[in-house]
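The exercises below are meant to be worked through with the sequence and the 3D view side by side. Try each task before reading its solution.

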Amino acid sequence: MLTIITVWNAIVLDTWHNTDKNEKMVLDALSQAPKEGQLQVKRLIKRKKTKFSDDIRAVGDHWIREELGDFIFGCEARLDIERISLNEDSLKH
């Protein structure tokens, strides 16, 4: 889960600051990792950018709990309130 959150937040922060610095840092950190791990992270990046590009919320505090044999993930969503102009469309998530 930490890898997923790290990738998600890297892309979100890059969106907030109009850069790709955080994405590059994630990929650079994995440059010596097994190829399969690098591929999975690249897939996560592509998935965030293609399927969730309009979701500009970062993951804050997060938790996983077990309930009746199922694992439930929860988190706080964070926005860059200093740079965002809130409108009705940006609050639909």
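**Exercise 1.** At what angle do helix α2 and helix α3 pack, and how far apart are their axes?

*Solution.* Keep in mind that this is a predicted model. Begin by locating helix α2 at residues 21-29 and helix α3 at residues 35-51, which pack at an angle of about 160° with their axes 11 Å apart. Angles over 145 degrees count as roughly antiparallel, and α2 and α3 are therefore roughly antiparallel to each other. The contact is made by Glu23, Val26 and Leu27 on the α2 side, and by Val41, Lys42, Ile45 and Lys49 on the α3 side. Sorted by class, this contact has four nonpolar, no polar and three charged residues.

**Exercise 2.** Find the salt bridge that lysine 49 forms, and decide whether each partner is buried or partly exposed.

*Solution.* The partner of lysine 49 is glutamate 23, with the closest N and O atoms 2.6 Å apart. The pair links distant parts of the chain, since lysine 49 belongs to helix α3 and glutamate 23 to helix α2, 26 residues apart. Lysine 49 has a relative accessibility of 41% and counts as partly exposed, whereas glutamate 23, with a relative accessible area of 15%, is buried.

**Exercise 3.** Which residue forms a salt bridge with arginine 78, and which strands hold the two partners?

*Solution.* Arginine 78 pairs with aspartate 61, the closest N and O atoms being 3.9 Å apart. Arginine 78 lies in strand β2 (residues 70-78) and aspartate 61 in strand β1 (residues 58-67), so the pair ties together parts that are 17 residues apart in sequence. Salt bridges that share partners also join Asp61, Glu76 and Arg78 into one network.

Methods
Residues numbered from 1 in each chain as written. Predicted model: local features only at pLDDT ≥ 70, side-chain atom pairs only at ≥ 80, totals over all residues. Heavy atoms only, no water. Axes fitted to C-alpha atoms, helices over the stretch in contact; angles between N-to-C directions. Helix = DSSP H or I, 4+ residues; strand = E, 2+ residues; numbered from the N terminus. Parallel < 35°, antiparallel > 145°, perpendicular 65-115°, else oblique. Contact = heavy atoms within 4.5 Å. Nonpolar A, V, L, I, M, F, W, Y, C, P; charged D, E, K, R; others polar. Salt bridge = Lys/Arg side-chain N within 4 Å of Asp/Glu carboxyl O. Buried < 20%, exposed > 50% of the residue type's maximum accessible area, 1.4 Å probe, protein only.
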